[in-house]
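Q: I am new to this structure and would like to go through it with you. Could we look at it together?

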Amino acid sequence: MVEIFGRGLREVINDTPLYLSLVKRYCGIRLFKKRYPLLASVDVSNICNLHCLHCYWWLNRKEETSLCVEEWRRIIRSMLKGKVIHVGIVGGEPLLHMDLVKVFCEEMPRHVSVVTNGTLPLQRLEGLYFYFVSIDGNRDVHDQIRGKGSYDRTKKNIFDYIEHYSDNRYKAWKDIWLSLTINSLNYMSIEDCVDEWHGRVNKIAVQFHTPFIKRDPLLLPFGKKRDDVILKLLKLKKKYPKFIANQSKQLELLRKSWGGKGTTPISCPSWAILSLDHMGRVKRPCCIGSADTDGIKPICEECGLSSYAMLYCYGIRNA
Ligand SMILES: C[S@@+](CC[C@H](N)C(=O)[O-])C[C@H]1O[C@@H](n2cnc3c(N)ncnc32)[C@H](O)[C@@H]1O
Ligand code: SF4
Ligand code: SF4
């Protein structure tokens, strides 16, 4: 069967109106300095079963419920469907709200990924493009960041998924991508992690820890250590070009300050990813921010977020 970026020919043909609208939006952004979202990030869940050391989400979290299935369906139809090419479902932990994950997969089939800690069993979902499972290095460092026993649980759930859903026609390993957020604790274990997972899951994408406080000890600061990590990643990308999802240009960009000054985005195209919280409110300045204008803000000057860096590398820039 013919496949383009993991999609069958029929899916690509069905999506023609969306692609045409995206080309129009892209031209509007590049030629007329318009500000349209092309991607979305949605926190369907306001709960999580972990409390990871590095996590931005807990910083601005308030005790509230989430919108229900029908409220999300309305938002999807009015704000997302036919307008953005891809929605990343985040949280909190999205697998604690499978009813909401399913509504996104139903409404926007194959334009949805789920970012998950993978500690709960992974189910195959019709309409899901892939699971983005967070892995923060080898077992020791992952557990130091995410809690004892979490690495083994996540690894087991990934392998159970692959074994359970694979057959002669279906390659379930293709549904699993890994997301690694590099920080001062795990930067030494990246190569081990890549070697461990290569050939077992589809891809790995990295980004760098983005701080919310000055002199955050988890930040891998710009300079020699960070340069060495990027050099290593560029070498690994040469060795495993299909496995490392980041582009080389994007990795180079994350070597230095690129997004903004202090907590203000300047070059960063923060508007190009529509970011909604669990109540459907727009988060600012970006997906790791908050809908609360008094919320704690990320330090743009030390931004390591790869999705925004990728858009920047495609020429989608604010300034
Ligand atoms: C907030 S989590 C939500 C989804 C899910 N609970 C998980 O852990 O994958 C989304 C992603 O953000 C990453 N993350 C958390 N805090 C971060 C920070 N300060 N800078 C960059 N990435 C961060 C996590 O490692 C995870 O891959
Ligand atoms: S599992 Fe995800 S949302 Fe929960 S604390 Fe960890 S990084 Fe944050
Ligand atoms: S992605 Fe967020 S933290 Fe990074 S520069 Fe843009 S607005 Fe700032």
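Q: In which loop is P285 found?
A: This is a predicted model. In it, P285 is found in the loop between β11 (273-276) and α10 (306-313).

Q: What kind of peptide bond joins R284 and P285?
A: That bond is cis, and its omega is about 5°. Most peptide bonds are trans.

Q: And what about the bond from G91 to G92?
A: The peptide bond from G91 to G92 is also cis, with omega near 25°. G92 is found in the loop between β4 (86-90) and α4 (98-107).

Q: Changing topic, which residues surround ligand 2?
A: Both G91 and G92 belong to that shell. By type, the shell divides into six nonpolar, four polar and one charged residue.

Q: How many residues surround ligand 1?
A: There are 17, and the closest are Y56, N117, S134, T181 and T210. β5 (112-116) and β7 (176-182) are the elements that give two or more residues to this shell. Its residues divide into six nonpolar, ten polar and one charged.

Q: Now backbone angles: what is the phi of K33?
A: Phi of K33 is near 55°, a positive value in a residue that is not glycine. K33 lies in the loop between α2 (16-32) and β3 (39-43).

Q: Is K33 buried or exposed?
A: K33 counts as exposed because it has 10 C-beta neighbours inside 10 Å, and the cut-off for exposed is 12 or fewer.

Definitions and conventions. Residues numbered from 1 in each chain as written. Chains lettered and ligands numbered in written order. Predicted model: local features only at pLDDT ≥ 70, side-chain atom pairs only at ≥ 80, totals over all residues. Near = placed C-beta within 6 Å. Nonpolar A, V, L, I, M, F, W, Y, C, P; charged D, E, K, R; others polar. Helix = DSSP H or I, 4+ residues; strand = E, 2+ residues; numbered from the N terminus. Buried ≥ 20, exposed ≤ 12 C-beta atoms within 10 Å, placed from the backbone.
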